[in-house]
Amino acid sequence: MHSRGRVTAVYDAAVIGAGAAGMMAAGVAAQRGLRVALLDHAARLAEKIRISGGGRCNFTNIGTTPANFLSRNPDFCRSALRAYTPRDFIELIERHGVRWHEKHRGQLFCDDSSESIIEVLRRECDAGGVHWRMPCAVRAVAFEDGDYVLDTAQGRLRARQLVLATGGMAIPQMGATDFSLSVARQFGLRIVEPRPALVPLVFDAQQWRPFAALAGVALEVGMRVAREAADPEDTPASPAGRRRGRHAAPGFVEDLLFTHRGLSGPAVLQISSYWRPGEALAVDLSPHEPMADHLLRHKHGGRQRLATVLAQAWPRRLAECWLAQAEGLGERRVADASDRDLRNLAARIHDWRLRPTGTAGYKKAEVMSGGVDTDELDQRSLQARRRPGLYVVGEAVDVTGWLGGYNFQWAWASGMACGRALAAA
């Protein structure tokens, strides 16, 4: 064991967190000639990359724009995303022989496995001579005589610059912590309240009981937050709205999955980043076809039950469950229902209101929303404005992407911006 009082090594930069953004920043800086240490408390490299995309890593989205991210300052991510695009990352992995394919909505995945992306980043770091320190817990960080001094499980080290790249608190069972936020607070940086994002939503057990039997049912829906500002001045774009962390919530058309406790699937994961406790969701269960037209077409001369007609557009279990909740319609034939009844039923189908009681928490979340306030950081370099030499990249910054590869693109872009900005001694 090294003495706690003796500095064992001196570096131009120390990067804490050997994930997507951390390895990108370390590799870029080291290849520019900087002496870089890359530290991580985990024994295995980049576990979150390894499990992403079902093991094939949805490593970017070719349609990435700033509009695919939420932040108190929606313009903050523009500079980094413009300087390092999805095409730039594709060119990097292709130089290493990684083969990839597009699934849908611009989402790119490895043909082989996520290990391909991890290996690319490892090679890039090794090409610059990055000093790996894994597993190596950082016990404390201090600022002494113009340098950052790290007390670690492998002794003390000193660096002119410090990069916080440990991500957020999502998936704590894989070692995720609030380390970057704690150090940022230590040095006086403001934090936007962190929350689980891209996470399933849960409901009151009693209220959800009629739908619990639908666990496993999936269909494509439209989904939005049914948000109404109590004060017309309290909007996402207003000063009051920005202080409260409000975001203009888009609608999504994605797959929805019923679970025993609530809702999951891409539609819910997407909207969860914008949902706030107490708000209702508006779900369109037939986003591509006016349901009134579908029902009325089958009315005249039809002897089918309503459930049978709905089952032509939905999974049968959903059709039967839905009608069981609609008074007087469960066993009726479509021909016996009035046009008004059918139109009212269709209206409810297109605007099903639900009020979640909460989220499934960080254990089920894919990312953390919130983090270091972007007002504290320079958008071109990710350096703290009031703390020279301190940088924050990736998920620890208040920039959260949609589901579909956007958060990885932010990791690459923010890591690259930082790596290019770090200075040699």
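**Notebook: surface, fold and cores**

I began with the surface: the protein chain exposes about 18,300 Å², and carbon and sulfur atoms supply 48% of that area. I am working from a predicted model, and I keep that in mind throughout.

Next I looked up the charges. I found 55 positive and 46 negative side chains in the protein chain. The centres of the two sets lie 2 Å apart.

I then took the overall dimensions. The C-alpha trace spans about 85 × 50 × 40 Å along its principal axes. I count 14 helices and 21 strands in the protein chain. Of its 425 residues, 55% count as buried. Among contacts with a separation of 6 or more, 75% are between residues 24 or more positions apart.

I turned to one strand pair, β8 (residues 138-144) and β9 (residues 147-152). The two run antiparallel and are joined by six bridges. Phe143 has Tyr148 in β9 as its bridge partner. The pair forms a hairpin with two residues between the strands. In the turn, I noted that Asp145 has a positive phi of about 55°.

Last I went through the nonpolar cores. Which residues touch the most other members of the largest one? They are Ile49 and Trp412, in a core of 134 residues. I listed the contacts of Ile49, leaving aside neighbours within four places in sequence: Gly19, Ala20, Met23, Cys57, Ser114, Ile117, Ile118, Leu121, Phe408 and Trp412. Another core, of five residues, lies apart from the largest one; its members include Ala197, Leu198, Val367 and Leu403.

Key: Residues are numbered from 1 along each chain as its sequence is written. This is a predicted model: local features need pLDDT of at least 70, side-chain atom pairs count only at pLDDT 80 or more; totals for chains, interfaces and linings use all residues. Side-chain values use heavy atoms; hydrogens and water are left out. Helices (H or I, at least four residues) and strands (E, at least two) are DSSP runs, numbered from the N terminus. Buried means under 20% relative accessible area, exposed over 50%, partly exposed in between (1.4 Å probe, protein chains only). Contact means heavy atoms within 4.5 Å. Accessible areas come from the Shrake-Rupley method with a 1.4 Å probe; for residues, only the protein chains shown count as cover. Lys and Arg count as positive and Asp and Glu as negative; His and the chain ends are not counted. The place of a charge is taken as NZ of Lys, CZ of Arg, CG of Asp or CD of Glu. Two strands pair if DSSP finds at least two bridges between them. A nonpolar core is a set of buried Ala, Val, Leu, Ile, Met, Phe, Trp, Tyr and Cys residues joined through side-chain atoms within 4.5 Å.
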